[in-house]
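Here is a protein chain to look at together.

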Amino acid sequence: MYANIGFFPSWVVIEGEGKPKKASGAGSLRELLGEDEYQFILSQARIVDTPTGNGRHLHFSQPELGQTIQHGKWNKHGLECFSEGHQYLLLPPSRVDGVGE
């Protein structure tokens, strides 16, 4: 028996998924930012594999911009941004369709 662990982040999470016949989130992020910026972003993030095993969640502290970062999807790039309780995420050791066991 198991239970999934879901939470609404109070920080920023960028999800990069790699699904069949779709853009690779990690590849898209690297292409959009350039290699140096991509490596810098990775060095600033807490990285968690997604429960499906097809991608990663990059966790960042919420920037102090005087405004919040909104949830958004960039499907053609395989990216999604979660923040301030707009969408829940699953944490390890959660499973999706039996994956993650």
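The questions below set values for this predicted model against their definitions.

The model is predicted, with local features needing pLDDT of at least 70 and side-chain atom pairs counting only at pLDDT 80 or more, while totals for chains, interfaces and linings use all residues. Residues are numbered from 1 along each chain as its sequence is written, and side-chain values use heavy atoms, leaving out hydrogens and water.

Q: What makes up the secondary structure of the protein chain?
A: Two helices and seven strands, in the pattern β-β-α-α-β-β-β-β-β along the sequence. Helices (H or I, at least four residues) and strands (E, at least two) are DSSP runs, numbered from the N terminus.

Q: Why are E2 and E6 said to pair?
A: Two strands pair if DSSP finds at least two bridges between them. Strand E2 (residues 12-17) and strand E6 (residues 79-82) have four bridges, so they pair, in the antiparallel sense. Within this pairing, Ile 14 stands opposite Cys 81 in E6.

Q: What makes E3 and E5 edge strands?
A: The open sheet has five strands in the order E3-E4-E2-E6-E5, with antiparallel pairing. Strand E3 (46-49) and strand E5 (72-74) each pair on one side only.

Q: How is helix H1 placed on E6?
A: Helix H1 (residues 25-33) lies across E2, strand E4 (55-60) and E6, at about 85 degrees to E6. Angles run from 0 to 180 degrees between N-to-C directions, with axes fitted to C-alpha atoms, for helices over the stretch in contact; contact means heavy atoms within 4.5 Å.
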